[in-house]
There are 2 protein chains.
Amino acid sequence: MTNGALMMKRREFVQKSVAAGGGALLGGLAGPANAEKPRSSTIRRSVTGAQKNVLLIISDDHGYDQLGCYGNSVIKTPNLDAMASRGVRFTNAFAIAPSCSASRGSLLTGLYPHQNGQCGHEHNWHHFSLLDWVETIPSLLKKNGYRTGLIGKLHAGSKSNLTFDYRVEGKEIMGNRDAMKIAQCAGEFFGQETDKPFFLLIGYSDPHRDDQGPSVMRNVENFSGFANDKTYPGIIPTKYRPEDVRVPDYLPDIPEVRAELADQYESVTRLDTSVGRVLENLKKSGRGGDTLVIYISDNGIPFPGAKTTLYDSGTKIPMIILSPEITTGGVVNQALVSLVDLMPTILDWASIKPPKYKLPGRSLKNILNASDDPTRQEVYCSHTFHEITMFYPMRALRTRKHKYILNLHPELEFPFATDLFVSKTWQGIVSRRLEMMGKRSTQSYLYRPKEELYDMESDPAESVNLAGNPQYDGVLKELTAKLAAMRAATEDYWLINDNYTINRETFPRK
Amino acid sequence: MTNGALMMKRREFVQKSVAAGGGALLGGLAGPANAEKPRSSTIRRSVTGAQKNVLLIISDDHGYDQLGCYGNSVIKTPNLDAMASRGVRFTNAFAIAPSCSASRGSLLTGLYPHQNGQCGHEHNWHHFSLLDWVETIPSLLKKNGYRTGLIGKLHAGSKSNLTFDYRVEGKEIMGNRDAMKIAQCAGEFFGQETDKPFFLLIGYSDPHRDDQGPSVMRNVENFSGFANDKTYPGIIPTKYRPEDVRVPDYLPDIPEVRAELADQYESVTRLDTSVGRVLENLKKSGRGGDTLVIYISDNGIPFPGAKTTLYDSGTKIPMIILSPEITTGGVVNQALVSLVDLMPTILDWASIKPPKYKLPGRSLKNILNASDDPTRQEVYCSHTFHEITMFYPMRALRTRKHKYILNLHPELEFPFATDLFVSKTWQGIVSRRLEMMGKRSTQSYLYRPKEELYDMESDPAESVNLAGNPQYDGVLKELTAKLAAMRAATEDYWLINDNYTINRETFPRK
């Protein structure tokens with residue numbers, strides 16, 4: 001289960017770190033300002049390793065490849081790039097679900113949506129929430145003496161296990177896009193009650209499409225992009241030219257797509273600026289050396305073909321981690337990891353016992369300095385709802401070589417998220433009657449077979465379905481069995497439909 | 001809006017009632033024991049009309065025709081029959097949804113499930129609940145000085161608006177089937193804090209199928225019917241012979257069906273015995289004369305073809321009301337009424353202001369002595385989920401002459417509730433490969449068109465779909481428009497799928 005060469009027992013590590021002194025412990029936050037003392041003398045600097053703070057930063061619909069450090073040479077993300085250069089960057093990190101609430105629910109609980117109940121959106125009439133018995137990262141940390149904070153977007157619900165000691169809501173921070181105010185609040189939080197370890201969750205709305213509210217009747221004309229029309233105090237907008245953006249291979253290269261991507265890039269850079277300021281404020285608070293910092297997105301970009309799908313475009317996410325345990329920085333780790341690994345990681349880091357029920361993920365703590373982990377060969381995904389009206393249960397298995405997707409109700413059209421439907425991108429595809437959305441066909445986007453199998457090496461765009469191809473029968477059989485085993489082990493309640501299926505030979509649809 | 005001939009202004013009524021004295025006020029509880037004084041001298045008898053108590057009794061899957069007073073000459077329901085003879089019996093009363101939680105959510109809030117959020121089961125992983133802003137009958141009554149109680153099954157969820165001062169849970173009363181204990185608890189509740197008016201909800205589990213727990217893998221072999229295998233203190237079981245039961249016209253006349261109906265009848269009679277004892281205890285408490293008593297079921301019988309469908313077999317329910325306002329008793333009212341009318345009725349009876357948002361139902365208070373109400377010509381139904389895995393949104397309009405059903409996702413098979421699938425009835429239909437389930441075909445049960453239209457006068461079994469028949473184009477157009485208007489007025493969020501539908505001419509399924 002562990003990679004011997006990479007392992008360092010926790011106790012040994014703490015001893016070494018303490019011996020190395022506070023400076024070394026600041027790890028990921030190294031740099032000129034590193035030696036700065038906290039500005040307020042009332043802040044107790046705890047660089048002894050005694051505190052195990054956690055800062056979890058979640059962006060909204062930030063694509064895997066929309067960062068400089070992930071190979072995008074156009075987009076400007078200097079702060080995230082710097083973070084990666086000081087920490088570890090995972091190149092095969094996956095969301096469990098390609099949808100905001102379900103993804104966040106799974107990362108906050110370490111359970112699949114079909115286990116924890118958060119299998120669709122939390123807000124408005126969608127109203128999905130975690131089952132009452134489900135513990136969360138903040139609930140467990142709070143029970144163990146942590147001060148907990150939330151700045152911005154949560155988007156998961158719980159009767160009693162998602163309360164926070166400090167909370168700043170969306171209205172106060174311009175729908176969670178006021179980059180400087182968010183960083184300022186984080187600084188305020190870092191400076192409070194420093195005798196307790198903290199858990200802070202910052203949930204940005206950038207780079208999500210602008211939310212026009214709960215109307216059933218949003219329309220294309222008044223949908224306003226990525227909230228770049230507003231002025232954000234302290235932010236000088238970084239504009240991008242449509243001709244410069246990178247059009248992913250699952251989107252058609254049309255002006256509407258380029259224009260929307262350029263808009264989204266601006267939103268990403270605004271977010272990046274804020275993350276940089278948050279990390280600066282953490283450093284200034286003197287607590288950076290005791291803090292595990294995790295940067296992730298909830299799912300892929302808000303474009304047809306990405307978000308809400310179980311293609312890599314929907315599930316593959318940036319994941320950058322800073323930890324005092326990272327010895328040199330700039331680590332690039334290609335192990336297959338997923339958001340259910342975060343809760344075990346954080347509990348491991350904080351030396352807090354996991355809940356009594358089994359968590360499917362595994363702590364990443366021992367592979368933060370590694371370039372791979374041969375024991376991590378697969379990731380499972382589980383999606384059921386985005387909006388409550390968008391019932392489309394899918395389960396998937398991603399290995400290093402293949403992707404297998406099981407569509408439980410292929411008789412349904414693939415449903416559209418409101419913001420994707422009204423996007424200029426989709427409306428452009430419709431008005432131009434495009435048969436191809438990049439390398440994938442519009443047909444295959446809208447209508448899906450029961451099973452999909454892709455060779456991720458030769459066909460990273462997931463455009464050639466190999467299910468049904470006799471040459472791949474063996475692979476299909478193996479992956480089908482693995483996915484079935486995972487579903488049984490995690491008591492996926494959608495199995496009920498397999499068990500209680502009518503005999504269609506006796507009663508065929510006429 | 002009101003039926004002039006039937007109207008009696010509230011104030012006038014109270015004056016008349018008070019003038020008539022306590023005896024007259026006992027109304028529905030008249031009989032030899034009527035003059036009895038409460039046994040405990042500590043109970044303050046309030047027969048002045050000053051208190052406006054409410055006793056709401058909900059049975060589980062009790063079919064419209066499974067009562068003597070509703071014309072079933074086999075089943076024994078002497079207590080409910082007696083209640084009807086002293087009160088009013090509605091012959092066209094409908095549930096909003098043919099499913100436990102959604103039906104109860106709508107009756108407790110006066111809103112359709114697509115408005116209040118309780119659009120599927122509340123328990124276990126299904127986990128649907130009322131939206132946070134939604135008021136309920138008990139929440140409003142409690143805010144207005146009522147003592148509130150719940151004995152047995154609630155099956156709706158709310159963050160804060162479904163709390164009760166007195167509560168007896170399922171475990172204490174044999175899964176809400178311990179008939180005598182339930183009545184005893186009711187008596188206890190009636191005798192407490194008599195200086196406050198009360199609202200008591202009694203939710204029976206009879207005559208639901210026996211619940212085998214949350215396993216994904218229930219099976220036919222160990223499914224044990226209607227919990228008649230247990231011994232209930234104080235209850236002498238009433239057994240029925242399969243050859244005697246009435247097989248409804250939507251079920252095949254096969255031994256499995258008869259055996260299960262005989263079992264269910266026994267469960268109904270157990271329930272009836274308990275209702276009789278509850279009413280006796282109410283009378284003994286001296287509060288009967290101040291109490292509005294409502295008996296309803298949540299939906300139709302737990303057999304394929306009934307429960308979970310929007311045919312009358314799924315939605316038509318018994319509704320019997322006792323009220324001091326009923327002057328002679330034995331009223332039979334054929335107006336079309338539904339469970340969203342209950343909240344307005346209870347608020348009207350209690351002189352409590354409704355919530356600020358619009359309630360779609362109308363108080364029945366003014367028609368309790370009437371045989372009809374010409375202003376009540378239609379009822380709307382809204383169903384989306386039963387179990388969370390059973391996504392099958394339907395909306396319907398029932399007029400006196402027609403039924404119109406809109407199936408929003410006809411491409412799906414009609415999904416099976418767990419207990420219906422494993423029932424001996426369905427397994428009998430499968431093993432016998434029956435093409436007909438009574439007057440309806442198995443095919444039409446499993447696979448449904450987008451629109452269904454029935455002539456309820458010539459075809460009460462709803463077996464001949466008239467949608468598409470040119471002779472009925474006018475009717476179809478009229479009903480379609482009415483249903484669309486209701487959906488728009490109640491902001492049915494499933495309208496989103498109408499608005500954001502892809503252009504299938506541009507992108508047909510190949």
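Guide: The account below begins with the helices and then turns to the interface and the backbone. The model is predicted: local features need pLDDT of at least 70, side-chain atom pairs count only at pLDDT 80 or more, and totals for chains, interfaces and linings use all residues. Residues are numbered from 1 along each chain as its sequence is written, chains are lettered from A and ligands numbered from 1 in the order in which they are written, and side-chain values use heavy atoms, with hydrogens and water left out.

Two packed helices are described by the angle between their axes and the distance between the axes. Helix α2 of chain B (residues 78-86) packs on helix α7 of chain B (residues 255-284) at an angle of about 50 degrees, and their axes are 7 Å apart. Axes here are lines fitted to C-alpha atoms, for helices over the stretch in contact, with angles from 0 to 180 degrees between N-to-C directions; helices are DSSP runs (H or I, at least four residues) and strands likewise (E, at least two), numbered from the N terminus. The angle therefore makes α2(B) oblique to α7(B); angles under 35 degrees count as roughly parallel, over 145 as roughly antiparallel, 65 to 115 as roughly perpendicular and the rest as oblique.

In contact (heavy atoms within 4.5 Å), α2(B) contributes P78(B), N79(B), L80(B) and M83(B), while α7(B) contributes D272(B), T273(B), V275(B), G276(B) and L279(B). These residues divide into five nonpolar, three polar and one charged. Ala, Val, Leu, Ile, Met, Phe, Trp, Tyr, Cys and Pro count as nonpolar, Asp, Glu, Lys and Arg as charged, and the others, Gly among them, as polar.

Helix α7(B) also packs with α11(B), at an angle of about 175 degrees and with axes 8 Å apart. That makes α7(B) roughly antiparallel to α11(B). Here E256(B), V257(B) and E260(B) of α7(B) meet K424(B), T425(B) and G428(B) of α11(B). This contact comprises one nonpolar, two polar and three charged residues.

As for the setting, the contact between the chains takes 52 residues from chain B and 52 residues from chain A. Across this interface the rule finds zero salt bridges (a side-chain nitrogen of Lys or Arg within 4 Å of a carboxyl oxygen of Asp or Glu). The elements giving two or more residues to the side of chain B that touches chain A are α10 (418-421), α11 (424-431), α12 (442-446) and α14 (496-499) of chain B. By class, that side has 29 nonpolar, 13 polar and 10 charged residues.

Finally, a cis peptide bond joins D206(B) and P207(B), with omega about -5 degrees. P207(B) lies in the loop between β6 (198-203) and α7 of chain B.
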